[in-house]
Amino acid sequence: MTRNHGVSTLTALFLLAGCEGTLPEQSPANIDMEVQRQEAKETGLDLSVVDLSASCAATALTLSAAIKNERPTGIGNSTAAVYAGTPGAGGVRLGTISVPWLVGGESFPFSLSYTVPEGTTKVVVVADEDGTYPEDDEDNNFASIDFEMPCATNQQPVASCQSVTVPADAACQGSASIDNGSFDPDGFPGPFSVEQSPAGPYGLGTTSAQLRVSDGAATSTCSANVTVVDVSAPTPGANRGLVIQPVLGSDYVLVPLSDCAMPAVDNCGGELDLDASARIIRVTSDESNDALSLLRLLACDDIKLTPDRKSAMVRAEAALLGNGRVYNFTYSVQDVSGNSAIGTCNVKVPALLANPAIDSGVVYCQGDNCPSGSRFPGLLCSLL
């Protein structure tokens, strides 16, 4: 029994030691397998992304999530990242989050806002984005949300135009906007701008203008007319101060309106020739029609208007005992747009001894809208 046991023991030792009686060496293949078994051992580290939620209004992304230490062992500071789109496949990194030291099972929540590219359909959060820690599970480092509709699919801005009419200013120009409430339906991406061409000011008449609106990415256009009209009356010219010297026989003197007043001035027409643009309304005298004069005892019809009302015949005489005669012309001047103004001027006939004439008020009148009682031809003239 004892011998048999020894043989068996010897045989076992021989088999273990081999022919040389030593332990067999490990092959290289066995060494590689051992290294792989060591590498496969768990590190006890694992970060994950949890509680991810996100939404976008236009391109404004609101996001909240948490980085969680999934293992009971504490883990040092790490960096997480947020992407619009898939990382490595065209995704755009929006920013990073500094994650502090986490005890076992602890979470670090965060809420952030970003501006994402137009048309973003996915947002991705990556834990330990720079691969600082060898983790037992790398798959839970990623969390993503797909949006049903892309973020801020841009809507075309709306250009709305209307034709406008504006009065001409002192320079015969007008400024106006043809914008009739153009707008950007989604307010994206901005800024919203409106450009009118030509910008003005515009000259007299009608000018076609175009409106171009932009939302910062897309544009729309429309067209309308700007019409500038002259609504300003011309400014009558100053009195020339014409003086007629008395003549023998109290003869008539033809006085064109242009000899009585300076040219009118219009904002769009410049100087207006009174012979072409003006018309006498009435002419008055501050002496009666039958006043006795030194050079001719009695003369009637002191004032006669020409048929075209561009001139008037007035007697070159003054009353014998008066202080000179003053003929007052009232006229209307009109520009090419039909705007008119009333102007006045006078013609004076000196008194006896050439004393300057002094206006004593309306006594006699010929023309339109004469003061009451001023058309009376005079007692003596009415008897002739």
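Which residue forms a disulfide with C56, and how far apart are their sulfur atoms? The partner is C151, with the two sulfur atoms 2.1 Å apart. A disulfide here is a pair of cysteine sulfur atoms within 2.5 Å, and by this rule the count comes to 5 disulfides. The model is predicted, so local features need pLDDT of at least 70 and side-chain atom pairs count only at pLDDT 80 or more, while totals for chains, interfaces and linings use all residues. Residues are numbered from 1 along each chain as its sequence is written, and side-chain values use heavy atoms, with hydrogens and water left out.

**C56 and C151**
- The link of C56 and C151 is left-handed, with -95° about the S-S bond.
- Strands are DSSP runs of E, at least two residues, numbered from the N terminus.
- C56 is partly exposed at a relative accessible area of 24%, whereas C151 is buried at 1%.
- Buried means under 20% relative accessible area, exposed over 50%, and partly exposed in between (1.4 Å probe, protein chains only).

**C161 and C222**
- A disulfide joins C161 to C222, with an S to S distance of 1.9 Å.
- This link of C161 and C222 is right-handed, at 70° about the S-S bond.
- C161 sits in the loop between β7 and β8 and C222 in strand β13 (residues 219–229), 61 residues apart.
- Both C161 and C222 are buried.

**C365 and C370**
- The sulfur atoms of C365 and C370 are 1.9 Å apart and form a disulfide.
- The link of C365 and C370 is left-handed, with -70° about the S-S bond.
- C365 and C370 are both buried.

How values were computed. Helices (H or I, at least four residues) and strands (E, at least two) are DSSP runs, numbered from the N terminus.
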